[in-house]
Amino acid sequence: MSTGDVTEQDRRFMAAAFGLGTRELGRTWPNPAVGAIVVRDGRLVGRGWTQAGGRPHGEPLALAEAGELARGATLYVTLEPCSHHGKTPPCCDAIIAAGIARVVAAMPDPNPLVGGQGYARLRAAGIEVVEALLEDEARRQHAGHISRILKQRPHVLLKLAVSADNKAGFSGRETAITGEAVRRRVHMLRARHDAIAVGIGTVLADDPTLTCRLPGMEGRSPLRVVFDPGLLLPLDSQLVLTAAEHPVLVLTSAGVPEAAADALRQRGVEVIAASDSTGEVISLPAAMAVLNERGITRLMVEGGPRLAAALLKADLVDRAVIFESETVLGDGALAALPERHEHALPKAGLRLSHGVRIGSDTAFHYERG
């Protein structure tokens, strides 16, 4: 690996490429959200980022915008350029044809179809390659792609809203725990994930839509996933009623009545069995395999308590954001976790990274490792 001579200018342009890469984060699956910038003589001459649906890739878009100015220029890219033929030609071919003199990349692609071959292809064409610039940031941004390739499952973010006394609300009715500022933050998280998942208990209690409702961002709503082993999803729920506009996937057990599954399918809901060996309950590894096969790279889990506890127990949570309010709900409310998050999450291999105040609430961020 060569890190080459890296300047402060290189760091600034790579940071800008990361900003571009987030523009379609949550909509590029099954492909990673890559940002790319072409710079000539210290001046930005081309920008690109992976588009919704995963193509075009960021590199050819940046090169097309740069045009002839790409010849002899530097390309900054947040992931190793691809070298294989997929649904689009290799990005390496476009880079070589454009006459790029230097490529600065943030991290190697874990995909074995690329895995260093992109770098080798560029070097063989006489292009200087600088690797591993701001690699830690790249691994955070491409966590979904890395997880899907190396773990064969999506990267899982657990989001929970909890009261000051570790409660998640009351059985059978919706409970507002956190304030408006947190709700806006949650909608932005939804927009940046490929899919959002809840357990059937949350659906029956809250009748949520699980869409992104920030102004102008309704089209950024993720695939909505319901863990529903008994297939209890009501036909008049908001999820079913909006399935034509925003897709819904129900993961259930193999033993549910076919008539119930057909009724949901007729309303545009996708129903897939993801059972354990008994066929009576959902297998979390099987559920993750279904999502992986669908191309989901980033999964946000919004609850409820049973699903959260099951995922933590199965060691399937990669990050967690706990939004804690100052409200006390009391003994009649359901526990959000078996014990407070500062005790439960470290036991599941998650460490507290940082906390930040959001209005009157606090967001506690946990990461694996």
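Reply: A pocket is an open set of points on a 1 Å grid over the protein atoms alone, where a 1.4 Å probe fits and protein lies on both sides within 12 Å along at least five of seven lines, and its lining residues have an atom within 4 Å of a point. This is a predicted model, in which local features need pLDDT of at least 70 and side-chain atom pairs pLDDT 80 or more, while totals for linings use all residues. Residues are numbered from 1 along each chain, and side-chain values use heavy atoms, without hydrogens or water.

Me: What volume does the second largest pocket have?
Reply: About 920 Å³, counted as the space filled by probe spheres set on the grid points, which are joined across faces, edges and corners.

Me: And which residues lie nearest its centre?
Reply: Of the 26 residues lining the second largest pocket, Arg140, Gln141, Ala143, Arg298 and Arg319 lie nearest its centre.

Me: What about the largest pocket, how much space lies there?
Reply: The largest pocket holds about 1400 Å³, and among its 48 lining residues Thr202, Asp206, Glu302, Gly303 and Gly304 lie nearest the centre.

Me: Switching topic, is valine 39 buried or exposed?
Reply: Valine 39 counts as buried because its relative accessibility is 5%, and buried means under 20% (1.4 Å probe, protein chains only).

Me: What is valine 39 in contact with, beyond its neighbours in sequence?
Reply: Leaving aside neighbours within four places, valine 39 is in contact (heavy atoms within 4.5 Å) with Phe13, Leu44, Val45, Ala73, Thr74 and Tyr76.

Me: How far is valine 39 from proline 346?
Reply: The two are 44 Å apart in space, C-alpha to C-alpha, and 307 residues apart in sequence.

Technical notes: Buried < 20%, exposed > 50% of the residue type's maximum accessible area, 1.4 Å probe, protein only.
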